[in-house]
Each structure stands twice: as structure tokens, then as C-alpha cells.
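Subject: Structure handover

Hello,

Here is the structure I promised to pass on. Please open it first, then read my notes below.

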Amino acid sequence: ATAAATAAAAAATAASNTAASNAAPASTGVSLAAAPPKPAAPRSTLFTSSSSGGVVPEQPPNQILFLTNMPDETSEMMLSMLFTQFPGFKEVRLVPGRHDIAFVEFENETQSATAKEALQGFKITPTHSMKIAFAKK
């Protein structure tokens with residue numbers, strides 16, 4: 001139960017840290033108005049890296065998330081506590097014999113997308129950053 005409570009507390013911290021890291025940096029007193037803004041590097045959303053190191057085509061959004069890179073000690077309760085903070089959460093499904101993957105279901109794809117964005121890269125343990133993709137239909 002303590003691991004699950006720790007995961008839930010860390011999730012709340014991760015959510016608040018994400019908001020804080022998106023804030024504008026403090027002004028240094030140097031005017032950047034004369035320099036034209038550089039275009040952001042294009043981000044590919046067509047492919048994600050899988051836990052096996054290969055590249056997997058990104059699935060279209062749906063209500064089920066596919067989690068990879070999970071530590072062996074991951075439990076259904078830990079993941080439920082982590083994802084229950086998001087509206088529309090329905091259930092967590094672990095795969096028997098596979099501790100490194102799990103599925104999380106939401107009521108709709110908008111709600112699953114919100115959880116995916118918020119928890120992408122969340123560190124379940126110091127060595128395991130959770131990878132989240134939409135599940136194959």
C-alpha cells in the first residue's frame with residue numbers, strides 16, 4: 001500500500017511540476033525583441049519508441065492506453081491510484097506473465113489523451129519512466 005501511495009503522491013507532484021516547468025523563465029533584463037523567434041523543431045507524432053527499442057507506428061486515439069517500461073513490482077493498485085485522478089478512469093488491466101506492460105481504460109479518447117499527456121514519462125521508479133501509447137484497436 002505504501003508503494004501505491006507513493007506513486008499517487010508522485011503523480012500529483014509530476015502534474016504540478018509539469019505546470020511549473022511550462023511557465024515563462026524570469027526576465028534577465030536583456031531584450032530579445034530584435035531577434036526573430038526561431039521556429040520550433042518539428043515533433044514527429046507518427047512514431048513512438050517501444051520498450052524493445054524498435055519504432056512502433058503511433059495508434060489513433062482511443063479510450064485504452066498501452067503502458068510499457070513498467071518495473072516488475074508494478075501492481076494494479078499502484079496504477080489505479082495513479083490514473084484515478086483523471087476523469088473518466090474505468091480500469092487497469094495487467095497482462096498475466098508480463099510485468100512490464102499494462103492497459104488502462106477510460107470512458108472516451110479525450111479523457112485517455114489527457115492522462116497520456118500528463119503521465120507520459122512518469123517515473124514509476126528512478127530507473128523506469130513509463131511509456132504511454134494508445135492501444136491497438
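How many aromatic pairs does the count come to? It comes to three aromatic pairs. The rule takes rings of Phe, Tyr and Trp (its six-membered ring) whose centres lie within 6.5 Å; planes under 30 degrees apart count as stacked, over 60 as edge-to-face and the rest as tilted.

Some ground rules before the details. This is a predicted model, where local features need pLDDT of at least 70 and side-chain atom pairs count only at pLDDT 80 or more, while totals for chains, interfaces and linings use all residues. Residues are numbered from 1 along each chain as its sequence is written, and side-chain values use heavy atoms, with hydrogens and water left out.

**The sheet**

Helices (H or I, at least four residues) and strands (E, at least two) are DSSP runs, numbered from the N terminus. Two strands pair if DSSP finds at least two bridges between them.

Four strands make an open sheet in the order S4-S5-S3-S8. The pairing is antiparallel. S4 and strand S8 (131-134) are the edge strands, and each pairs on one side only. From one strand to the next, the twist averages 25 degrees.

Now go through the pairs. S4 and S5 share six bridges. One of the residue pairs here is valine 92 with valine 104 in S5. The hairpin of S4 and S5 has two residues between the strands. Glycine 97 in that hairpin takes a positive phi near 80 degrees. S3 and S5 are joined by four bridges, and isoleucine 64 stands opposite glutamate 105 in S5. S3 and S8 also pair over four bridges. Phenylalanine 66 has alanine 133 in S8 as its bridge partner.

**The helices on the sheet**

Contact means heavy atoms within 4.5 Å. Axes are lines fitted to C-alpha atoms, for helices over the stretch in contact, and angles run from 0 to 180 degrees between N-to-C directions.

H2 lies across S3, S4, S5 and S8. H2 runs at about 150 degrees to S4. H3 lies across S3, S5 and S8, at about 160 degrees to S8.

Which residues of helix H2 (residues 76-83) are buried? They are Met78, Leu79, Leu82 and Phe83. These residues cover an arc of only 115 degrees around the axis, so they sit on the same side of H2. The arc is that of the directions from the helix axis to the C-beta atoms. Buried means under 20% relative accessible area, exposed over 50%, partly exposed in between (1.4 Å probe, protein chains only).

**Aromatic pairs**

Back to the rings. Phenylalanine 66 and phenylalanine 103 have ring centres 5.2 Å apart and planes at 35 degrees, so this pair is tilted. Phenylalanine 66 is in strand S3 and phenylalanine 103 in strand S5, so the pair ties together parts 37 residues apart in sequence. Phenylalanine 66 is partly exposed at 26%. Phenylalanine 103 is partly exposed too, at 25%.

Phenylalanine 89 and phenylalanine 106 form an edge-to-face pair, with 6.0 Å centre to centre and 75 degrees between the planes. Phenylalanine 89 lies in strand S4 and phenylalanine 106 in strand S5, so parts 17 residues apart are tied together. Phenylalanine 106 is buried, at 0% relative accessibility. Phe83, Phe89 and Phe106 form one aromatic cluster.

**Salt bridges**

A salt bridge is a side-chain nitrogen of Lys or Arg within 4 Å of a carboxyl oxygen of Asp or Glu. The structure holds five.

Lysine 116 bridges to glutamate 58, with the closest N and O atoms 3.9 Å apart. Lysine 116 is in helix H3 (residues 109-119) and glutamate 58 in the loop between strand S2 (55-57) and strand S3 (64-68), so the pair ties together parts 58 residues apart in sequence. Is lysine 116 buried or exposed? At 15% relative accessibility, lysine 116 counts as buried. Glutamate 58 is partly exposed at 22%. Not counting residues up to four places away in sequence, lysine 116 touches Glu58, Leu65, Ile132, Ala133 and Phe134.

Glutamate 105 bridges to lysine 90, at 3.6 Å between the closest N and O atoms. That pair links strand S5 (residues 98-106) to strand S4 (residues 89-95). Glutamate 105 is buried at 13%, whereas lysine 90 is partly exposed at 48%.

Arginine 98 and aspartate 100 meet at 3.0 Å, N to O. Salt bridges that share partners join Lys90, Glu91, Arg93 and Glu105 into one network.

Best wishes
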